[in-house]
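Colleague: Could you walk me through this one slowly? I am new to reading models.

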Amino acid sequence: MSKRRTSSTDGTPAGTFQLADCAPGTASSSPQFLAAIGTAMLFSASTSATGRELWRTDGTPAGTAMVRDLLPGSGNGVVSGTEAVIGGYLYFWGNDGVAGIELGADERRLQDWLAAGQHGEMHYMARHGTRRSRPAELL
């Protein structure tokens with residue numbers, strides 16, 4: 001099995017190099033999707049420690065790092081195949097382990113999260129939390 005790596009090139013052998021070994025060792029980080037946002041390239045990569053998460057690179061090894069571990073632990077915080085770039089922003093389905101991505105199935109966890117006050121200063125969430133799991137309420 002070959003190991004897929006995030007690399008950069010200027011089209012020459014001397015200018016081709018690995019940006020980061022997102023998953024050190026023999027495992028592949030299976031980098032997926034590339035989206036150019038400003039001077040950065042965003043992509044998802046998977047490790048045994050973090051699962052699939054969002055990464056950013058400026059084209060240099062030192063400038064390549066995970067943006068954030070959306071779902072702490074080994075679960076996948078980024079759902080591959082859901083990415084879109086619109087107006088200079090990358091949109092994707094993220095999974096934080098609270099709201100999840102299954103609207104109906106995750107409503108109970110969302111309600112528990114709201115009841116525990118985890119929404120902090122996001123008072124809109126407390127007032128309108130069910131609209132996330134029941135889109136018909138938006139109408």
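Modeller: Let me begin with a term: buried means under 20% relative accessible area, exposed means over 50%, and partly exposed is in between, with a 1.4 Å probe and protein chains only. This is a predicted model, in which local features need pLDDT of at least 70, side-chain atom pairs count only at pLDDT 80 or more, and totals for chains, interfaces and linings use all residues. Residues are numbered from 1 along each chain as its sequence is written, and side-chain values use heavy atoms, with hydrogens and water left out.

Colleague: Which residues of helix H1 are buried?

Modeller: In H1, which spans residues 107-115, they are Glu 107, Leu 110, Trp 113 and Leu 114. Helices (H or I, at least four residues) and strands (E, at least two) are DSSP runs, numbered from the N terminus.

Colleague: Why are they on the same side of H1?

Modeller: Because they cover an arc of only 120 degrees around the axis, the arc being that of the directions from the helix axis to the C-beta atoms. Arg 108 and Ala 115, on the other side of H1, are exposed.

Colleague: New topic: is Ser 44 buried or exposed?

Modeller: Ser 44, which belongs to strand S4 (residues 40-47), counts as buried because its relative accessibility is 0%.

Colleague: Which side chain does the side chain of Ser 44 make a polar contact with?

Modeller: That of Arg 52, at 3.0 Å; a polar contact is a pair of N or O atoms within 3.5 Å, where within protein one must be able to donate a hydrogen and the other to accept it, and residues adjacent in sequence count only if both atoms are side-chain atoms.
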